[in-house]
Amino acid sequence: MKVAILGFGTVGSGVYKILTESADLIEKKAGERIEVKYVLDLREFPGNPVEEVLVHDYNVIVNDPEVAVVVETMGGLEPAYSFEKEALLKGKSACTSNKELVAKHGAELIEIAKQKKVSFLFEASVGGGIPIIRPLNSSLTCDVLEQIQGILNGTTNYILTKMSKEGLNFDDVLKDAQDKGFAERNPAADIEGYDAARKIAILASLAYGKQVDFEDVYTEGITKITPEDIAYAKAEGLKIKLIGQCLDVEGKHYASVAPRLIDDSNPLFAVDGVFNAIKVRGNYLGDTMFYGKGAGSLPTASAVVSDVIDAVKNNGRHIPILWSEKKLELADRKHLAARFFVRVNKADEELARKTFKVDKVVALDSLPNEFAFFTKQTTEGEFADGRQKLNVISAIRA
Ligand code: HSE
């Protein structure tokens with residue numbers, strides 16, 4: 001069975017390495033030998049064995065009837081979308097690690113794969129090497145998935161962990177993360193929560209079987225989190241984590257990405273540094289959690305190669321994935337139950353007590369001029385209305 005890899009970057013080179021280095025094991029698992037016939041990249045790689053299979057023109061790949069699986073690891077929407085679509089239309093299976101592509105065009109590409117009796121697989125698009133797409137599609141199929149909560153972005157989890165352990169501020173930790181190569185030079189997609197929003201949109205689409213647009217996901221990043229917020233959290237034995245979440249509340253669906261305070265009864269509490277984890281709650285199953293490396297060349301490539309093996313094992317047959325192109329309208333968040341940790345100036349204590357349902361008050365000796373508290377259970381709408389009435393220093397969901 002011949003495959004082609006589009007893009008010889010971080011993930012693509014990992015896919016090439018695993019497919020070549022581990023060919024014997026993969027042959028046993030797939031039931032036949034898998035050979036990389038082409039690698040597409042604009043660049044040259046002098047002295048690298050990949051040179052033997054390197055091509056610069058996609059047409060060579062898509063027009064070669066011997067190529068049965070096209071693996072896309074280029075990232076970005078174009079030309080990834082056009083290339084994968086064309087491969088499927090030509091009757092080749094397509095595998096990708098590209099969350100932008102999957103979040104935007106996943107449902108359409110699954111439909112084309114179905115018509116052409118091939119497969120469109122994307123295990124690596126969420127949680128890198130962590131198996132989560134296949135479990136959602138194949139294992140957790142008889143439960144109502146009431147809640148999915150995930151730490152879906154390694155960059156932000158690294159930053160929050162370091163802020164918490166070393167008491168540093170956001171800008172300094174981001175710079176350190178960039179210097180160490182853990183954060184992109186342009187980190188907006190990570191720190192503003194857009195990367196996690198795409199990932200939770202993919203998980204929600206699979207959980208509910210309909211298209212959840214990432215643009216509809218309520219999204220807050222971590223740029224406003226301060227060492228003071230973290231000091232309060234620590235005093236209460238809590239951690240601040242950027243959580244991608246989707247909920248099915250009696251048939252109403254919600255999806256968000258936001259910093260949340262969690263305690264150690266939530267297994268996501270222990271997920272630190274660049275690690276990712278996804279906790280899924282089924283109505284029969286209860287909670288289950290998937291934990292591992294959400295990024296990096298070989299962990300991500302491992303998930304991609306598992307898709308290649310699945311496509312080869314199922315050659316001539318479409319692997320069904322329930323994700324229709326029909327858009328799922330998310331419910332109005334106004335009525336969604338929520339609890340907040342809130343900081344205001346000490347001078348605003350009385351107004352805060354009038355405005356919010358104040359529950360537990362938290363005081364730090366180092367911040368004597370503040371009034372900080374947890375609200376009782378309220379709703380997103382009520383809290384947003386109250387927030388207009390006074391100057392809130394920060395508010396984090398708890
Ligand atoms: N930028 C992503 C992260 C890479 O930090 O998790 C994996 O999608």
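Alanine 87 counts as buried, at 0% relative accessibility. Buried means under 20% relative accessible area, exposed over 50%, and partly exposed in between, with a 1.4 Å probe and protein chains only. The model is predicted: local features need pLDDT of at least 70, side-chain atom pairs count only at pLDDT 80 or more, and totals for chains, interfaces and linings use all residues. Residues are numbered from 1 along each chain as its sequence is written, and side-chain values use heavy atoms, with hydrogens and water left out.

Alanine 87 sits in helix H4. Helices (H or I, at least four residues) and strands (E, at least two) are DSSP runs, numbered from the N terminus. H4 spans residues 80-89, and its buried residues are Ala80, Tyr81, Phe83, Glu84, Ala87 and Leu88. An α-helix has 3.6 residues a turn, so residues three or four places apart point the same way. After H4 comes glycine 91, with a positive phi near 85°.

Which residues does alanine 87 touch, not counting those up to four places away in sequence? They are Tyr58, Val62, Val70 and Lys92. Contact means heavy atoms within 4.5 Å.

## Arginine 353

Arginine 353 belongs to helix H13 (residues 349-355). Its relative accessible area is 43%, so arginine 353 is partly exposed. Leaving aside neighbours within four places in sequence, arginine 353 contacts Val358, Val361 and Phe371. The C-alpha atoms of arginine 353 and valine 39 are separated by 63 Å; the two residues are 314 apart along the chain.

## Aromatic pairs

Rings of Phe, Tyr and Trp (its six-membered ring) pair if their centres lie within 6.5 Å; planes under 30 degrees apart count as stacked, over 60 as edge-to-face and the rest as tilted. The count comes to twelve aromatic pairs. Phenylalanine 122 and tryptophan 323 form an edge-to-face pair, 5.8 Å centre to centre with 75° between the planes. This pair links distant parts of the chain, 201 residues apart. Phenylalanine 122 is in the loop between strand E6 (120-121) and helix H6 (133-139), while tryptophan 323 is in the loop between helix H12 (297-313) and strand E14 (324-327). Both phenylalanine 122 and tryptophan 323 are buried.

Phenylalanine 340 and phenylalanine 383 are stacked, because their ring centres lie 3.8 Å apart and their planes are at 10°. Phenylalanine 340 lies in strand E16 (residues 340-345) and phenylalanine 383 in helix H14 (residues 380-387), so the pair ties together parts 43 residues apart in sequence. Phenylalanine 340 and phenylalanine 383 are both buried. One aromatic cluster is formed by Phe340, Phe356, Phe371, Phe373 and Phe383.

## The whole chain

The chain has 14 helices and 20 strands. Its radius of gyration is 23 Å, close to the 21 Å that the globule rule gives for 398 residues, so the chain is as compact as a globular protein of that length. The radius is taken over C-alpha atoms; the rule is 2.2 Å times the number of residues to the power 0.38. Along the principal axes, the C-alpha atoms fill a box of roughly 75 × 45 × 30 Å.

Buried residues make up 56% of the 398 residues. Among contacts with a separation of 6 or more, 71% join residues 24 or more positions apart.
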